[in-house]
Structures are given as structure tokens and as C-alpha cells.
2 protein chains.
Amino acid sequence: MHPPTRILLALTDPEFQQFLPEPLASELRASGATVERVNPQGLGAGGLEARLQQWQPQVLVAAWSTPPLPEALPGSLRYVCYLCGSVKNLVRRAHLERGLQVTNWGSSISRTIAECALLHVLASLRRLPHWTFALHHEGEWQPRGQTPGESLFGQRVGLHGFGAIARQLVALLRPFGCRISVHAPDVNDAVAAEFGIERSASLEALFSDNDVIVCLAPLIPETTGIITESLLRRIRPGGVFVNVGRGQVVDEAALERVAREGRIQIGLDVYAQEPLPATSPLRGLRNVSLTPHVAGPTLDRRRDAGAFALRNIQAFLAGQPLQAVITADVYDRIT
Amino acid sequence: MHPPTRILLALTDPEFQQFLPEPLASELRASGATVERVNPQGLGAGGLEARLQQWQPQVLVAAWSTPPLPEALPGSLRYVCYLCGSVKNLVRRAHLERGLQVTNWGSSISRTIAECALLHVLASLRRLPHWTFALHHEGEWQPRGQTPGESLFGQRVGLHGFGAIARQLVALLRPFGCRISVHAPDVNDAVAAEFGIERSASLEALFSDNDVIVCLAPLIPETTGIITESLLRRIRPGGVFVNVGRGQVVDEAALERVAREGRIQIGLDVYAQEPLPATSPLRGLRNVSLTPHVAGPTLDRRRDAGAFALRNIQAFLAGQPLQAVITADVYDRIT
């Protein structure tokens, strides 16, 4: 009989409580593995290395506070289960090349980002930033007479990109009876039929033929700055542009020029430069809804990433394949 | 053969275009009736009376701009189809008593109000007013470190009232997997089962046992001021209270006190006094999302009320029963 697998959690108290609240922590302990936790706060990279060499775990569970892994890992370590997104600051490409398995939160948090996209769409259509300015800061009621606010019901929605977040967004949009079009390289007719959406022949068509555009494209060399001023100007007056994907997909100087004219409504969670500079012209515009890159999992939904990680750990213990594996190829595309 | 029924539309150009865009206007003209339109702007009550007496229509189609009907109506007039909500400024109780049929937009606009409720719920959970203050007005990014924003997924939602708006809201909440409880006198176990909701035994339980409370109760003597400070204090820290129903259902002074403490998030479209006084303590609070009674149909969805009215006119012409009829009883309860 083998000795039990050793799992080291390098998590702070809040990370442990947020990602692995009950019953998840109990389920992990019931997995048959020996589980130990170390608080990475004040531990440093050297402290973590010493702990790894001393305890020789097979699995390391990590989160934002975990320090970068040392170049030389203990021979026992076979799997790093990262509870969050980008592993670039945690593992090196060389670790992957030497056969270390690494996973992240995959698509377990996509629905919270889709939810934030829906919030920006509804807020933009209903002119919520305008009302916040008027009622909170200007002591007004309906200062400009009849407002041109719009409903989402029956609108045409165009999605740029069709990964996990976009697919979740389709579900949230369904009760609004929207006609949904998608422009994404990986969508064929079968996928379109499965999700009840249409394919848009080009980005130009996507921006011209829809009332609401939601940008969810990944940031790769081909998509950097792909949302140009010319595309943004195709959006109809009163139409909506929302970006909850990656800021650098948009030519932000162009977006600022278009935003300043007030002709379209804009909702943003991501920016070309983060934190958004205090001098950004996007600030102070009443047709722009702004959040500071918070679309990802709220505190109360970090448990979704924890549950996803737990299933991966259970699969690892059972010798089954893992989900959301970071291969060297995936690693190279991390933005 | 009878001469064709005469229908007089007393609508401004924008009202006509917004409520009866194509194909609705054509369908009305194809109904077999003789249709004439008068622009009530500058016509006055006397001008409308003269026109009614002169043309002797059987049906009058009215909206916000239509002046109040004269005490003495032409003998021909049998049906007033009001495209909007409250008929109190248009018809007199005596008209109803003498047999005039009157309808309004009924529940055709409920889904837009439900949509506005969802917007306030999402904005409150995600702290959108806080971010608007911070990013637009304070030049900040994430000034207070980790934000306690929450997702709607998996939350417990309590509805106070279960009329047409609440039923539409249930449909919008469905993709979020919320457990929905309702406190309303007209909900029995069969209705609860039909909508997949639970019944809450009391208002106290509704406020204690849910993360998000949405107030949609009608304003009647029994509900005036029924949302007390004691109820509001039952909401858990970080919980949400939204009112898109009637302002006077809430003890607004109590709401102001609770709001000022910042312990809960609040979203409001209606107020005890409208317009909201410039000095209201609700203004300027970053845990309060405010809109100026705009939850009802946005310009682009006034066509829903027009389509509803058209079906009523067609029913009238066919001698069939009408929907959303304003009886004397209903008239007395108008707020």
C-alpha cells in the first residue's frame, strides 16, 4: 500500500476561507490525502522552498498570496493546483517542460464576469451613470426632460469572442429575447445552432448590425488594438459598447475620442493601462460606466473556483485527467 | 350594414410614433374602423371637447398629453383606450359610472420595470454607485483595498408583492439560480409551485431570511409605510434593499437613517416625495443607487403598450371583452 498523498495548501486565512469554505474543506480532508496548510504571509519564496523540501508534497494548492515557486522543486511535487487565474507569477515555463502539472480556475468563474457584463449593458442602456451624476452630485431629478434610456428587451446583441464567458452571457440574456450575433474564429454553424445565435461575417458587420456590443475577445497579438475608431463609429447613436475582457484589445485613445462625444453609451471593467490613470479622459463622462477590473469572482463566489479545484484534486488522486491544464502553449499566451 | 366605427387618436406626434410605430399603425388602419388623429398640443380641454362633439367617435385613444375629458361626453363615445398608466387625470369616476369603458397599459410594461429592478439589484451587489463615485469623481482606482462586492448567483431573493412585475422578475432571476421567497397576500401554494418560489410567512421573515429584498407592493392604506426601520434592520450586512414599486410603502425617514450607516446596499427608483427633494439625505451616499422614477417603459418599449392597446381595440371592434379594464373599484385605488 502507498503512503497517503501529501497536499500542501499555501494560502492565507482569508484565501482558505473564501476559496474552500465548508463543505469544501471537509471534502478535501475526506479525500484520503494528508493535508497541511502554511500561511504564505511573511514566508517569502525561501520559506516556501524550505517547507516544500522538508515536507515533500505531491500537490501544492496556491493562490494570489503564494510566493513564486523556486527554480528547483522537490522531487515529489507533481501537481500545482492554482485557485486563481494567471499562473505567470507562480510557475516558470521550465517547470511545465519538466512535467509539472498546473491548473487554474478555468471557466469556473466565467459566470461572474458574464454577470458584470450584463450589469454594464443594463446600466448603459438605462443611463445609470448619468442618473448617478444627476441625482447624487447635481441635486437634480430629470434635468433634461424626457430621457432616451432604453430597455434590453428585444435588442440585438453582438458578442466579440465566444469563450466560456460569452456562453454564460448568452444564458443571462435569454429572458430578454435578444437576437445574439457572434464574431469569433472558433464558432462554426453547429456551435451557433447549439447556442441559438447567429454568426457575424466580420467585425464591421458585428458593430454595424447590433444595438449592444460586448467585447470578450482574448488578448493575443492578432487582437491587440483590433477595436478601432472606425469600428466604434459604426455603433448606432444610443448604442452600447461594453468591454469586460482585456483592455488592450481596444484602441483606448480612439475610445476616449468617441466617448467624449456622448453619442454612444460605454461600460468598461478593463483598460489599456491598469490602474486607470487619474487623468484618463474616460473619467467624468456621464455616458460611461466604469468599474475597476472587478468583473471576476466576487468574494462570495470564490467558492466556485474552490469547488472546481477540489474536483481537480480528486481527479489527480484518482489518476484521472485534470481540467483547465496550463500547458506550455497556454503559458505562452498568458496576458 | 353599420357605418364603420370611428376612432379618434388624441396623441402628439412623438406619442403616436413611440406607442404605435409600424406595423402597429398599419394594423390599426386595417382594423376596419375609420381612424383620425388630433394633436392635443395647444388644443386644450375645450378644443378636445369640440372635436369629440363634432366627430362623435366611439373610441378615443389617449396618452399623457391628452387633456382631461369634459364632464359631458358625446353620446357616441363608449371606450377610452389609454395608452399609459394612471387614468386619474383623464377620466372622471362619473364617466365610469355612466358605462364608459376605460383600459390602460395593464401589465404590458411590467417587464421593463422588472428589468430596472434587476439593474438596481446587480448595481447594489457590485457596489456600482461606489465605483462611480471613486472612478468618476474621486480619481481613484480601488481606494479601499479588497471590495466586498457580491454576485447574484445563488443568493436568496425576497419579493414583497407578487403582481405582474414580480412575476416577470422571477423569469429574469432564473439564470442566476436564486432561491426566491415571496410575501404577498394573493400567493397560495399553487401559485408558489407554478413559479418555483417559496412563501415567506411574514414580512419579518422575508427581510431576515434573504440576501436581496425587492419591494413591489401596491400602495394601499394597509401598505403605506409598512417597510419600517425595524424591518430594514433585519437585512444582513451587505444585503440589498430595492424599491421600484411605490415610494410611500417605505418609511423614508427610516430608510435614510439606515442608508446613512452604509451597512446595507440600497437601490431606489421611487420615493415618498417626487421629484426627490434636492436636500434628500439619500443623495450623495455611495451605498445607494438612485434613478428618478424611470423604471417604466423606456421610449423603445412604449410599443409594447401600443401593441397591448391595439389588441384591446380589436377586441372592442369584435365585441369581445377588454383587458386591463379600469372599473370604479380600480379607479378608487389609483395612487
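In this predicted model, a polar atom of the A:Gln155 side chain lies 2.8 Å from the backbone oxygen of A:Ser151. Such a polar contact is a pair of N or O atoms within 3.5 Å; within protein, one must be able to donate a hydrogen and the other to accept it, and residues adjacent in sequence count only if both atoms are side-chain atoms. A:Gln155 belongs to the loop between α6 (128-137) and β6 of chain A. With a relative accessible area of 6%, A:Gln155 is buried (under 20% relative accessible area, with exposed meaning over 50% and partly exposed in between; 1.4 Å probe, protein chains only). Leaving aside residues up to four places away in sequence, A:Gln155 touches A:Leu125, A:Glu150, A:Cys178, A:Arg179, A:Asp211, A:Arg236 and B:Asp300; contact here means heavy atoms within 4.5 Å.

Residues are numbered from 1 along each chain as its sequence is written, and chains are lettered from A and ligands numbered from 1 in the order in which they are written. Local features need pLDDT of at least 70 and side-chain atom pairs count only at pLDDT 80 or more, whereas totals for chains, interfaces and linings use all residues; side-chain values use heavy atoms, with hydrogens and water left out.

**The sheet of chain A**

Seven strands of chain A form an open sheet in the order β8-β7-β6-β9-β10-β11-β12, with parallel pairing. The edges are held by β8 (198-199) and β12 (288-290) of chain A, each with a single partner strand, so one side of each is left without a neighbour in the sheet. Helices (H or I, at least four residues) and strands (E, at least two) are DSSP runs, numbered from the N terminus, and two strands pair if DSSP finds at least two bridges between them. Strands of a sheet pair through backbone hydrogen bonds, either parallel or antiparallel.

Strand β6 (residues 156-160) of chain A is mostly covered, four of its five residues being buried.

| Strand pair (chain A) | Bridges | Residue pair |
|---|---|---|
| β6 and β7 (179-183) | five | A:Val157 and A:Ile180 |
| β6 and β9 (212-215) | four | A:Leu159 and A:Val214 |
| β10 (240-243) and β11 (265-268) | four | A:Val240 and A:Gln265 |

Between β6(A) and β7(A) the chain passes through helix α7 (residues 164-173) of chain A, and this β-α-β crossover is right-handed; that is, with the strands pointing away from the viewer, the path from the first strand over the helix to the second runs clockwise.

**Two further loop residues of chain A**

A:Asn210 sits in the loop between α9 (203-208) and β9 of chain A. Its relative accessible area is 1%, and A:Asn210 is therefore buried. The side chain of A:Asn210 has a polar contact of 3.4 Å with the side chain of A:Arg179, and a polar atom of the A:Asn210 side chain is 2.9 Å from the backbone oxygen of A:Leu206. Among the residues that A:Asn210 touches, not counting those up to four places away in sequence, are A:Arg156, A:Val157 and A:Gly158.

A:Arg98, in the loop between α4 (93-97) and β5 (101-103) of chain A, counts as exposed at 51% relative accessibility. The side chains of A:Arg98 and A:Glu71 are joined by a polar contact of 2.5 Å.

Not counting residues up to four places away in sequence, the contacts of B:Phe162 include B:Val170, B:Val182 and B:Phe195.

In helix α11 (residues 252-261) of chain B, the buried residues include B:Leu255 and B:Val258. The buried residues of α11(B) pack against α10 (229-232), β10 (240-243), β11 (265-268) and β12 (288-290) of chain B. At the N-terminal end, α11(B) is capped by B:Asp251, with a side-chain oxygen 3.2 Å from the backbone nitrogen of B:Ala253. After α11(B) comes B:Gly262, whose phi is positive, near 75°.

**Relation of the two chains**

The same surface serves both copies, as 100% of the contact residues of chain B recur in chain A.
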